[in-house]
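Dear colleague,

I am handing over the structure below, and after it I have written out what was found in it. Please read the notes with the structure open beside you.

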Amino acid sequence: MKKIWKIGLCGLVVVMMAAGCSKKTENTDNVTAAESTEGTLEGESQGTEDSVKLGEYKGIEVTLLSTEITDEQVEEELQALLEFYPIVTEVDREAKEGDTVNIDYAGMKDGVPFQGGTAEGYDLVLGSKTFIDGFEDGLIGSKKGQELSLNLTFPENYGNTELAGAEVVFDVTVNAVKESKIGVLNDEFVAENTEFATVEECRKGIREELEKMAEDNVVNQKKNDVFMAVMDNAEVSVSENSIQTVYDNQKSYYEGQAMSFGIDLETLAGFYGMDMEAFEAQLKNSSLEVAKQNAVIFAIAEAENITVEEADKKELAEEFGFESWEEMSEAVGEEAMNNYILPDKVLTFLADNAVEK
(Lines give C-alpha, C1' and ligand atoms only; values in the text may rest on other atoms or scores of the structure.)
Protein backbone atom coordinates (compact mmCIF):
# COMPACT_ATOMS: atom_id res chain seq x y z
CA MET A 1 0.00 0.00 0.00
CA LYS A 2 1.22 3.51 -0.73
CA LYS A 3 2.99 4.78 2.34
CA ILE A 4 1.12 7.59 4.07
CA TRP A 5 3.86 9.84 5.41
CA LYS A 6 3.73 11.18 8.91
CA ILE A 7 4.76 14.67 9.93
CA GLY A 8 7.22 12.90 12.20
CA LEU A 9 8.74 13.52 15.58
CA CYS A 10 8.77 16.95 17.11
CA GLY A 11 11.12 19.07 15.03
CA LEU A 12 13.02 20.15 18.10
CA VAL A 13 13.88 16.56 19.03
CA VAL A 14 15.07 15.86 15.48
CA VAL A 15 17.34 18.91 15.66
CA MET A 16 18.73 17.72 18.98
CA MET A 17 19.33 14.21 17.60
CA ALA A 18 21.09 15.51 14.49
CA ALA A 19 23.10 18.30 16.08
CA GLY A 20 23.80 16.87 19.49
CA CYS A 21 23.19 18.68 22.77
CA SER A 22 25.97 20.86 24.04
CA LYS A 23 27.19 19.93 27.48
CA LYS A 24 25.64 21.56 30.52
CA THR A 25 27.67 24.35 32.02
CA GLU A 26 29.32 23.89 35.40
CA ASN A 27 27.81 27.17 36.55
CA THR A 28 24.37 26.47 38.01
CA ASP A 29 24.07 29.52 40.24
CA ASN A 30 22.38 31.54 37.52
CA VAL A 31 20.01 28.77 36.42
CA THR A 32 16.68 29.23 38.15
CA ALA A 33 13.18 27.84 37.88
CA ALA A 34 11.39 31.15 38.32
CA GLU A 35 7.63 31.28 38.03
CA SER A 36 7.89 34.20 35.60
CA THR A 37 10.38 36.66 34.11
CA GLU A 38 10.41 39.99 32.36
CA GLY A 39 11.64 40.03 28.76
CA THR A 40 14.11 37.85 26.90
CA LEU A 41 17.62 38.36 25.63
CA GLU A 42 18.33 38.80 21.94
CA GLY A 43 20.25 35.51 21.96
CA GLU A 44 23.80 36.83 21.62
CA SER A 45 26.57 35.02 23.46
CA GLN A 46 27.81 36.60 26.67
CA GLY A 47 30.79 35.50 28.76
CA THR A 48 32.10 31.99 29.04
CA GLU A 49 29.11 30.33 30.71
CA ASP A 50 25.51 29.66 29.72
CA SER A 51 22.92 31.60 31.69
CA VAL A 52 19.26 30.61 31.84
CA LYS A 53 16.48 32.23 33.81
CA LEU A 54 13.34 30.19 33.27
CA GLY A 55 10.02 31.93 33.07
CA GLU A 56 6.67 30.19 33.22
CA TYR A 57 6.99 26.67 31.88
CA LYS A 58 4.10 24.86 33.55
CA GLY A 59 0.48 25.48 32.71
CA ILE A 60 1.22 26.83 29.24
CA GLU A 61 -2.00 27.14 27.24
CA VAL A 62 -2.06 25.45 23.86
CA THR A 63 -4.66 25.03 21.12
CA LEU A 64 -4.57 21.60 19.51
CA LEU A 65 -5.16 20.55 15.93
CA SER A 66 -8.26 18.57 15.06
CA THR A 67 -7.88 14.80 14.79
CA GLU A 68 -11.07 14.35 12.76
CA ILE A 69 -10.61 12.36 9.55
CA THR A 70 -13.12 13.02 6.78
CA ASP A 71 -14.40 10.65 4.13
CA GLU A 72 -12.80 12.95 1.55
CA GLN A 73 -9.36 12.40 3.06
CA VAL A 74 -9.80 8.63 2.91
CA GLU A 75 -10.92 8.77 -0.72
CA GLU A 76 -7.95 10.97 -1.60
CA GLU A 77 -5.63 8.29 -0.23
CA LEU A 78 -7.43 5.62 -2.23
CA GLN A 79 -7.01 7.71 -5.37
CA ALA A 80 -3.31 8.18 -4.55
CA LEU A 81 -3.06 4.41 -4.20
CA LEU A 82 -4.40 3.97 -7.73
CA GLU A 83 -1.91 6.51 -9.05
CA PHE A 84 0.96 4.82 -7.23
CA TYR A 85 0.20 1.47 -8.87
CA PRO A 86 -0.79 2.31 -12.46
CA ILE A 87 -1.41 -0.28 -15.14
CA VAL A 88 1.67 -0.21 -17.39
CA THR A 89 1.43 -1.64 -20.91
CA GLU A 90 3.83 -1.59 -23.85
CA VAL A 91 2.64 0.42 -26.86
CA ASP A 92 3.69 0.55 -30.51
CA ARG A 93 3.91 4.31 -31.02
CA GLU A 94 6.19 7.28 -30.47
CA ALA A 95 7.00 8.10 -26.86
CA LYS A 96 5.38 11.14 -25.30
CA GLU A 97 5.70 12.90 -21.99
CA GLY A 98 4.39 10.74 -19.17
CA ASP A 99 5.36 7.51 -20.92
CA THR A 100 7.99 5.14 -19.56
CA VAL A 101 10.80 4.22 -21.94
CA ASN A 102 13.02 1.24 -21.27
CA ILE A 103 16.49 2.16 -22.50
CA ASP A 104 20.13 1.18 -22.71
CA TYR A 105 22.46 4.16 -22.60
CA ALA A 106 26.16 4.96 -22.54
CA GLY A 107 27.53 8.40 -21.74
CA MET A 108 30.87 9.62 -23.07
CA LYS A 109 33.01 12.66 -22.40
CA ASP A 110 35.61 13.39 -25.09
CA GLY A 111 34.85 9.95 -26.52
CA VAL A 112 35.59 8.15 -23.25
CA PRO A 113 32.85 6.51 -21.11
CA PHE A 114 32.51 8.17 -17.72
CA GLN A 115 31.66 6.50 -14.42
CA GLY A 116 27.94 6.17 -13.73
CA GLY A 117 27.01 7.07 -17.29
CA THR A 118 26.07 3.59 -18.52
CA ALA A 119 23.05 1.37 -17.85
CA GLU A 120 20.95 -1.31 -19.50
CA GLY A 121 17.22 -1.95 -19.23
CA TYR A 122 16.58 1.32 -17.40
CA ASP A 123 12.95 2.44 -17.03
CA LEU A 124 12.75 6.23 -17.38
CA VAL A 125 9.53 8.21 -16.98
CA LEU A 126 9.63 11.05 -19.50
CA GLY A 127 8.99 14.32 -17.71
CA SER A 128 10.26 13.09 -14.35
CA LYS A 129 13.39 15.30 -14.61
CA THR A 130 15.45 12.36 -13.38
CA PHE A 131 18.24 13.03 -15.89
CA ILE A 132 20.05 16.22 -16.89
CA ASP A 133 18.24 18.77 -19.05
CA GLY A 134 17.75 17.60 -22.61
CA PHE A 135 17.98 13.86 -21.98
CA GLU A 136 14.29 13.16 -21.47
CA ASP A 137 13.21 15.76 -24.02
CA GLY A 138 15.52 14.06 -26.52
CA LEU A 139 13.53 10.83 -26.17
CA ILE A 140 10.16 12.43 -26.87
CA GLY A 141 9.02 11.04 -30.23
CA SER A 142 11.32 8.01 -30.11
CA LYS A 143 10.08 4.49 -30.87
CA LYS A 144 11.01 0.95 -29.88
CA GLY A 145 14.27 -0.16 -31.51
CA GLN A 146 15.42 3.37 -32.28
CA GLU A 147 19.03 4.41 -31.58
CA LEU A 148 19.83 8.02 -30.73
CA SER A 149 22.84 10.16 -29.84
CA LEU A 150 22.09 13.00 -27.44
CA ASN A 151 24.60 15.86 -27.28
CA LEU A 152 24.14 17.39 -23.84
CA THR A 153 25.88 19.56 -21.24
CA PHE A 154 26.00 18.87 -17.52
CA PRO A 155 24.98 21.74 -15.21
CA GLU A 156 27.77 23.96 -13.89
CA ASN A 157 26.80 23.08 -10.29
CA TYR A 158 26.63 19.32 -10.92
CA GLY A 159 27.75 17.26 -7.91
CA ASN A 160 30.57 15.49 -9.78
CA THR A 161 33.11 18.26 -10.42
CA GLU A 162 34.69 16.28 -13.29
CA LEU A 163 31.38 16.45 -15.15
CA ALA A 164 30.19 19.89 -14.04
CA GLY A 165 29.72 22.02 -17.15
CA ALA A 166 31.09 19.24 -19.39
CA GLU A 167 29.81 18.51 -22.89
CA VAL A 168 28.91 14.83 -23.26
CA VAL A 169 27.24 12.43 -25.68
CA PHE A 170 24.73 9.80 -24.62
CA ASP A 171 24.17 6.92 -27.05
CA VAL A 172 20.69 5.57 -26.31
CA THR A 173 18.80 2.51 -27.52
CA VAL A 174 15.04 2.44 -26.92
CA ASN A 175 13.96 -1.06 -25.94
CA ALA A 176 10.29 -0.34 -25.31
CA VAL A 177 7.74 2.43 -24.93
CA LYS A 178 5.15 1.93 -22.20
CA GLU A 179 2.14 3.95 -21.14
CA SER A 180 0.57 4.12 -17.70
CA LYS A 181 -3.14 4.22 -17.00
CA ILE A 182 -5.01 4.54 -13.74
CA GLY A 183 -6.54 1.22 -12.75
CA VAL A 184 -9.95 0.45 -11.29
CA LEU A 185 -10.41 0.39 -7.55
CA ASN A 186 -11.76 -3.08 -6.92
CA ASP A 187 -11.01 -6.06 -4.70
CA GLU A 188 -8.61 -7.52 -7.26
CA PHE A 189 -6.53 -4.34 -7.37
CA VAL A 190 -6.48 -4.05 -3.59
CA ALA A 191 -5.47 -7.69 -3.06
CA GLU A 192 -2.66 -7.38 -5.59
CA ASN A 193 -1.16 -4.14 -4.31
CA THR A 194 -1.93 -3.92 -0.58
CA GLU A 195 -2.07 -6.03 2.55
CA PHE A 196 -5.87 -5.99 2.39
CA ALA A 197 -8.25 -8.36 0.60
CA THR A 198 -11.12 -6.00 -0.23
CA VAL A 199 -11.75 -2.33 -0.95
CA GLU A 200 -13.71 -1.91 2.27
CA GLU A 201 -10.92 -3.45 4.33
CA CYS A 202 -8.47 -1.11 2.63
CA ARG A 203 -10.71 1.89 3.23
CA LYS A 204 -10.98 1.00 6.92
CA GLY A 205 -7.22 0.46 7.19
CA ILE A 206 -6.47 3.83 5.60
CA ARG A 207 -8.85 5.58 7.98
CA GLU A 208 -7.21 3.93 10.99
CA GLU A 209 -3.74 4.91 9.77
CA LEU A 210 -4.82 8.50 9.14
CA GLU A 211 -6.37 8.67 12.60
CA LYS A 212 -3.15 7.37 14.17
CA MET A 213 -1.14 9.92 12.21
CA ALA A 214 -3.45 12.72 13.31
CA GLU A 215 -3.10 11.70 16.95
CA ASP A 216 0.70 11.55 16.65
CA ASN A 217 0.78 14.93 14.95
CA VAL A 218 -1.27 16.49 17.74
CA VAL A 219 1.17 15.15 20.33
CA ASN A 220 4.13 16.52 18.40
CA GLN A 221 2.42 19.85 17.75
CA LYS A 222 1.63 20.20 21.44
CA LYS A 223 5.23 19.54 22.43
CA ASN A 224 6.55 21.98 19.87
CA ASP A 225 4.09 24.79 20.62
CA VAL A 226 4.56 24.51 24.37
CA PHE A 227 8.34 24.53 24.09
CA MET A 228 8.32 27.59 21.83
CA ALA A 229 6.23 29.38 24.45
CA VAL A 230 8.68 28.29 27.15
CA MET A 231 11.56 29.67 25.07
CA ASP A 232 9.71 32.99 24.72
CA ASN A 233 9.28 33.13 28.50
CA ALA A 234 12.95 32.44 29.26
CA GLU A 235 15.99 34.70 29.43
CA VAL A 236 18.90 32.90 27.81
CA SER A 237 22.51 33.78 27.17
CA VAL A 238 24.83 31.14 25.74
CA SER A 239 28.60 31.06 25.51
CA GLU A 240 30.55 31.01 22.29
CA ASN A 241 31.83 27.58 23.34
CA SER A 242 28.28 26.18 23.48
CA ILE A 243 27.48 27.65 20.08
CA GLN A 244 30.70 26.24 18.61
CA THR A 245 29.95 22.78 20.04
CA VAL A 246 26.56 22.70 18.34
CA TYR A 247 28.06 24.15 15.15
CA ASP A 248 30.74 21.45 15.01
CA ASN A 249 28.16 18.72 15.60
CA GLN A 250 25.81 20.07 12.94
CA LYS A 251 28.64 20.44 10.44
CA SER A 252 29.78 16.87 11.13
CA TYR A 253 26.22 15.70 10.58
CA TYR A 254 26.02 17.39 7.16
CA GLU A 255 29.50 16.16 6.23
CA GLY A 256 28.32 12.63 6.97
CA GLN A 257 25.20 13.23 4.91
CA ALA A 258 27.31 14.48 2.01
CA MET A 259 29.64 11.49 2.28
CA SER A 260 26.68 9.10 2.12
CA PHE A 261 25.78 10.71 -1.24
CA GLY A 262 29.36 10.46 -2.47
CA ILE A 263 29.84 14.23 -2.59
CA ASP A 264 31.62 16.88 -0.54
CA LEU A 265 30.03 19.45 1.78
CA GLU A 266 30.41 22.29 -0.72
CA THR A 267 28.45 20.32 -3.30
CA LEU A 268 25.76 19.53 -0.73
CA ALA A 269 25.52 23.24 0.08
CA GLY A 270 24.95 23.86 -3.63
CA PHE A 271 21.99 21.48 -3.54
CA TYR A 272 20.48 23.79 -0.91
CA GLY A 273 21.11 26.76 -3.22
CA MET A 274 24.02 28.17 -1.19
CA ASP A 275 27.77 28.55 -1.47
CA MET A 276 29.93 27.47 1.47
CA GLU A 277 30.06 30.95 2.99
CA ALA A 278 26.26 31.24 3.07
CA PHE A 279 25.88 27.63 4.22
CA GLU A 280 28.28 28.10 7.14
CA ALA A 281 26.62 31.39 8.09
CA GLN A 282 23.25 29.67 8.22
CA LEU A 283 24.73 26.85 10.31
CA LYS A 284 26.14 29.43 12.71
CA ASN A 285 22.75 31.13 13.10
CA SER A 286 20.92 27.86 13.67
CA SER A 287 23.64 26.78 16.11
CA LEU A 288 22.89 29.83 18.25
CA GLU A 289 19.20 28.92 18.43
CA VAL A 290 19.88 25.25 19.15
CA ALA A 291 22.41 26.17 21.84
CA LYS A 292 19.76 28.34 23.52
CA GLN A 293 17.22 25.52 23.29
CA ASN A 294 19.77 23.09 24.74
CA ALA A 295 20.38 25.42 27.66
CA VAL A 296 16.67 25.66 28.44
CA ILE A 297 16.27 21.89 28.11
CA PHE A 298 19.06 21.30 30.63
CA ALA A 299 17.70 23.96 33.00
CA ILE A 300 14.24 22.38 33.08
CA ALA A 301 15.71 18.89 33.39
CA GLU A 302 17.74 20.03 36.39
CA ALA A 303 14.84 21.95 37.97
CA GLU A 304 12.49 18.96 37.64
CA ASN A 305 15.12 16.25 38.20
CA ILE A 306 14.50 14.73 34.77
CA THR A 307 17.23 12.27 33.85
CA VAL A 308 17.92 9.52 31.31
CA GLU A 309 17.23 6.11 32.87
CA GLU A 310 18.22 2.67 31.65
CA ALA A 311 14.55 1.94 30.96
CA ASP A 312 14.49 4.93 28.57
CA LYS A 313 17.46 3.52 26.67
CA LYS A 314 15.85 0.10 26.46
CA GLU A 315 12.65 1.62 25.09
CA LEU A 316 14.54 3.66 22.50
CA ALA A 317 16.59 0.66 21.39
CA GLU A 318 13.43 -1.40 20.97
CA GLU A 319 11.80 1.40 18.97
CA PHE A 320 14.73 1.41 16.54
CA GLY A 321 14.90 -2.38 16.28
CA PHE A 322 17.98 -3.11 18.40
CA GLU A 323 18.12 -6.17 20.63
CA SER A 324 19.47 -4.15 23.56
CA TRP A 325 20.36 -0.59 24.42
CA GLU A 326 23.99 -1.66 24.68
CA GLU A 327 23.86 -2.76 21.03
CA MET A 328 22.35 0.60 20.02
CA SER A 329 24.92 2.43 22.13
CA GLU A 330 27.70 0.63 20.32
CA ALA A 331 26.15 1.54 16.95
CA VAL A 332 25.37 5.23 17.52
CA GLY A 333 27.04 6.11 20.81
CA GLU A 334 25.50 6.52 24.25
CA GLU A 335 25.79 10.29 24.02
CA ALA A 336 23.63 10.31 20.89
CA MET A 337 21.02 8.21 22.71
CA ASN A 338 21.03 10.60 25.66
CA ASN A 339 20.80 13.59 23.29
CA TYR A 340 17.65 12.06 21.85
CA ILE A 341 16.03 10.89 25.07
CA LEU A 342 16.53 13.85 27.41
CA PRO A 343 14.98 16.54 25.16
CA ASP A 344 12.01 14.30 24.44
CA LYS A 345 11.47 13.61 28.14
CA VAL A 346 11.56 17.33 28.88
CA LEU A 347 9.18 18.10 26.01
CA THR A 348 6.83 15.36 27.22
CA PHE A 349 6.95 16.80 30.74
CA LEU A 350 6.09 20.28 29.42
CA ALA A 351 3.25 18.92 27.29
CA ASP A 352 1.86 16.90 30.20
CA ASN A 353 1.81 20.05 32.31
CA ALA A 354 0.24 22.25 29.62
CA VAL A 355 -3.37 23.36 29.51
CA GLU A 356 -5.37 22.46 26.40
CA LYS A 357 -7.71 25.21 25.25
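The axes of H8 and H11 come within 10 Å and cross at roughly 70°, where axes are lines fitted to C-alpha atoms, for helices over the stretch in contact, and angles run from 0 to 180 degrees between N-to-C directions. Helices here (H or I, at least four residues) are DSSP runs, as are strands (E, at least two), and both are numbered from the N terminus. H8 and H11 are therefore roughly perpendicular to each other, a term that covers angles of 65 to 115 degrees.

This is a predicted model, in which local features need pLDDT of at least 70 and side-chain atom pairs count only at pLDDT 80 or more, while totals for chains, interfaces and linings use all residues. Residues are numbered from 1 along each chain as its sequence is written, and side-chain values use heavy atoms, with hydrogens and water left out.

Where the two helices meet, Ile297, Phe298, Ile300 and Ala301 in H8 are in contact with Leu342, Pro343, Val346, Phe349 and Leu350 in H11, contact meaning heavy atoms within 4.5 Å.

The largest nonpolar core has 31 residues, and Val230, Val296, Ile300, Val346 and Leu350 touch the most other members. Such a core is a set of buried (under 20% relative accessible area, 1.4 Å probe, protein chains only) Ala, Val, Leu, Ile, Met, Phe, Trp, Tyr and Cys residues joined through side-chain atoms within 4.5 Å. Helices H5 (199-233), H6 (240-260), H8 (276-303) and H11 (334-352) each supply at least two of its residues, and the largest share, 10 residues, comes from H8.

With best wishes

Technical notes: Buried < 20%, exposed > 50% of the residue type's maximum accessible area, 1.4 Å probe, protein only. Parallel < 35°, antiparallel > 145°, perpendicular 65-115°, else oblique.
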